[in-house]
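Welcome! Let us take a friendly walk through this structure, one neighbourhood at a time.

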Amino acid sequence: MKNYIGRVREFFADLDLMLVDDDGVPVASGWGVPVRWDGRPESLPSGCTEALVRAVEGHEQGVAPDTLVICGAIVTPSPKGRGLTGHTLMSLRAAAKDAGCERVIAPVRPTAKARYPLTPIETYMRWTREEGSPLDPWIRTHRRLGATVVSAAPASQTMTGTVAEWERWTGPAFPETGDYVIPEGLTLLHVDRESDEGVYREPNVWMRHC
């Protein structure tokens, strides 16, 4: 993946946006990559990582993109409540239109899923509150902007490291091979002591904005 990040920044700098306040201070940012997608759920990238690969390789092969994949949207803590998340996502949708993309999709990271690491993402993404809105606040935010759930992305990003690295990153010890709950993990970390490797496959939810 490291081989692609540099090219993402080089090829798609115009899709890396930053919002600033009246004093010119950054308050939010968002970015995405353009891909070719036929609109069918079964032909979606497996998640964020594959979307980056598809975007870079498509650009280098001269494939004309028609879909923007929103890969990230971050709002600084202090201005929350000012609608900055919505402004960021809407700005990315506008950037997609300017780039000639007719569709906008996002592998949404369900922020409250960490409370339910044992629950499959296919089940979690269907959960709703009493009034019918999505249980997850980030899915709910996208839904308020008109996005709809397309499908689960059970392994949107895969992260690997040695056992010692995972212990340093997360805090707990992993004394034997098995699956472990980790702080803020949306699913379980699988540790293999024999191969000295931990693998975490983070699930997302594909949502379509337009």
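## Before we start

Contact, or touching, means that heavy atoms lie within 4.5 Å. This is a predicted model, in which local features need pLDDT of at least 70 and side-chain atom pairs count only at pLDDT 80 or more, while totals for chains, interfaces and linings use all residues. Residues are numbered from 1 along each chain as its sequence is written, and side-chain values use heavy atoms, with hydrogens and water left out.

Helices (H or I, at least four residues) and strands (E, at least two) are DSSP runs, numbered from the N terminus. A residue is buried under 20% relative accessible area, exposed over 50% and partly exposed in between, using a 1.4 Å probe and protein chains only.

## The nonpolar cores

In soluble globular proteins, nonpolar side chains tend to be buried together. A nonpolar core is here a set of buried Ala, Val, Leu, Ile, Met, Phe, Trp, Tyr and Cys residues joined through side-chain atoms within 4.5 Å. The largest one holds 38 residues, and Phe12, Val33, Leu68, Val69 and Ile70 have the most contacts inside it. Helix α2 (residues 48-60) supplies the largest share of this core, five residues. There is also a second, separate core of nine residues, with Tyr180, Ile182, Val191 and Tyr200 among them.

Which residues does Ile70 touch, not counting those up to four places away in sequence? Its partners are Trp31, Gly32, Leu89, Leu92, Val104, Ile105, Ala106 and Pro107.

Two strands pair if DSSP finds at least two bridges between them. Strand β1 (residues 16-20) and β2 are antiparallel and pair over five bridges; Leu17 has Gly30 in β2 as its bridge partner. These two strands form a hairpin with five residues between them, and Gly24 in the turn has a positive phi of about 80 degrees.

On to the next pairing: β2 also runs antiparallel to strand β3 (residues 67-75), joined by eight bridges. Here Val35 stands opposite Thr67 in β3. Strand β2 (residues 26-35) is mostly covered, with seven of its ten residues buried.

## Strands β6, β7 and β8

Strand β6 (residues 178-180) and β7 run antiparallel and share three bridges, and Asp179 has His190 in β7 as its bridge partner. Between β7 and β8, also antiparallel, there are four bridges; here Leu189 is partnered by Tyr200 in β8. The hairpin of β7 and β8 has four residues between the strands, and Asp196 takes a positive phi near 55 degrees there.

Which residues form the covered face of strand β7 (residues 189-192), and which the uncovered one? Leu189 and Val191 make up the covered face, whereas His190 and Asp192 make up the uncovered one.

Asn204 is part of strand β8 (residues 197-208). With 2% relative accessibility, Asn204 counts as buried. Its side chain makes a polar contact (a pair of N or O atoms within 3.5 Å, where within protein one must be able to donate a hydrogen and the other to accept it, and residues adjacent in sequence count only if both atoms are side-chain atoms) with the side chain of Ser156, at 2.8 Å. Beyond its neighbours within four places in sequence, Asn204 is in contact with Pro107, Val108, Arg109, Pro110, Ile121, Ala152, Ala153 and Ser156.

Gln157, in strand β5 (residues 148-161), is partly exposed at 27% relative accessibility. His142, in helix α5 (residues 137-144), is buried, with 2% relative accessibility.

## Aromatic rings

Rings of Phe, Tyr and Trp (its six-membered ring) pair if their centres lie within 6.5 Å; planes under 30 degrees apart count as stacked, over 60 as edge-to-face and the rest as tilted. A search of the whole structure finds seven aromatic pairs. The rings of Trp166 and Trp169 have centres 5.0 Å apart and planes at 80 degrees, so this pair is edge-to-face. Both residues lie in helix α6 (residues 163-170), about one turn of the helix apart. Trp166 is buried, at 5% relative accessible area, whereas Trp169 is partly exposed, at 47%.

Elsewhere, ring pairs link Tyr116, Tyr124 and Trp127 into a cluster.
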